[in-house]
Amino acid sequence: MESHRVQEMMLLMASKIRAIANTISDEDVEKLLAELLKAKRIYVIGAGRSGLVAKAFAMRLMHLGLQAYVVGETITPALNTGDVMVIFSGSGRTKTVADIAETAKDLGAHLCLITSNKESRIGKISDCIVIIEHQRDEVEDDALEFEIRQMMGDHKSFAPLGTLFETASMIFGDAVISRLMEITKTDENALKNRHTNIE
């Protein structure tokens, strides 16, 4: 097995993320921004590492002054018409997430999907979709992709446990927050005032 410096691996990841960024559609991003800005409340969801990215995005939305909630938390209120659900799912088919997305759609929410797979179960019912990357490991049943990744860890692509989706989507989420700060003319001091002060 080849040996690489950690710094070299970081630079390779950065180059791949740059390449991914250059493939993201401006039109898709504008649709996502419009959905976030008109939302009554924003709910975020993801499974596994994508779930951690979703939580980080929800926290930044809260810092921005928007009403944001993480699906599954005990303090998350009931979802209604006029709310938006932002879904982080590389496959767009993770069963637990797809089931919740379908329920949210039935309740009148708009769905915004951050994914690698537009033609997926969640993609087919989403109001806006942002494609983060196109290269994913092959799995026989990608509806169970999250479960397979958690149990097997048997992936051949460059980044550990599958792809750069989570890393790229984390950076994308932070970039969306930066753009929302510009649009809403919110400075960093306002974000600091909403940051936790009890730690």
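User: What makes up the secondary structure of the protein chain in this model?

Analyst: The protein chain has seven helices and five strands. The model is a predicted one. In sequence order, the elements follow the pattern α-α-β-α-β-β-α-β-β-α-α-α.

User: How are the five strands arranged in the sheet?

Analyst: Their order is 2-1-3-4-5, the pairing is parallel, and the sheet is open. From one strand to the next, the twist averages 20°.

User: Why are strand 2 and strand 5 said to stand at the edges?

Analyst: Strand 2 (68-70) and strand 5 (128-131) each have a single partner strand, so one side of each is left without a neighbour in the sheet.

User: What makes strand 1 and strand 2 a pair?

Analyst: Two strands pair if there are at least two bridges between them. Strand 1 and strand 2 have three bridges, in the parallel sense, so they meet that condition. V70 in strand 2 is the bridge partner of V44.

User: How many bridges join strand 1 and strand 3, and which residue of strand 3 is the bridge partner of V44?

Analyst: Strand 1 and strand 3 pair over five bridges, also in the parallel sense. The partner of V44 in strand 3 is V86.

User: What is known of the pairing between strand 4 and strand 5?

Analyst: Strand 4 (residues 110-115) pairs with strand 5 over four bridges in the parallel sense. T115 has I131 of strand 5 as its bridge partner.

User: What is the hand of the crossover from strand 1 to strand 2?

Analyst: The β-α-β crossover is right-handed, and the chain passes through helix 3 on the way from strand 1 to strand 2.

User: Which strands does helix 3 lie across, and at what angle does it run to strand 1?

Analyst: Helix 3 (residues 49-63) lies across strand 1 (42-46), strand 2 and strand 3 (84-88), and its angle to strand 1 is about 160°. Helix 4 (residues 95-106) also packs on the sheet, where it touches strand 1, strand 3 and strand 4. The direction of helix 4 makes about 165° with that of strand 3.

User: Why is L52 called exposed?

Analyst: The relative accessible area of L52 is 58%. Exposed means over 50%, so L52 falls in that class. L52 has its place in helix 3. Between L52 and E166 the C-alpha to C-alpha distance is 8.8 Å, although they are 114 residues apart in sequence.

User: What makes strand 1 mostly covered?

Analyst: Four of the five residues of strand 1 are buried. A buried residue has under 20% relative accessible area. Across the 199 residues of the protein chain, 42% count as buried.

User: Which residues have the most contacts inside the largest nonpolar core?

Analyst: They are L32, V44, F57, V86, I114, I132 and F172, in a core of 34 residues. Helix 6 (residues 165-183) gives the largest share of this core, seven residues. Another core, of 17 residues, lies apart from it and includes A47, A104, I122 and I129.

User: What does I114 touch, leaving out residues up to four places away in sequence?

Analyst: Among the residues that I114 touches are L32, V86, V130, I132 and F172.

User: What share of the contacts with a separation of 6 or more joins residues 24 or more positions apart?

Analyst: In the protein chain, that share is 71%.

User: How much accessible surface does the protein chain have?

Analyst: The accessible surface comes to about 11500 Å², and 53% of it belongs to carbon and sulfur atoms.

Key:
Residues numbered from 1 in each chain as written. Predicted model: local features only at pLDDT ≥ 70, side-chain atom pairs only at ≥ 80, totals over all residues. Heavy atoms only, no water. Helix = DSSP H or I, 4+ residues; strand = E, 2+ residues; numbered from the N terminus. Axes fitted to C-alpha atoms, helices over the stretch in contact; angles between N-to-C directions. Contact = heavy atoms within 4.5 Å. Buried < 20%, exposed > 50% of the residue type's maximum accessible area, 1.4 Å probe, protein only. Areas by Shrake-Rupley, 256 points an atom, 1.4 Å probe, with all protein chains shown as cover. Core = buried A, V, L, I, M, F, W, Y, C linked by side-chain atoms within 4.5 Å. Right-handed = clockwise from strand over helix to strand, strands pointing away.
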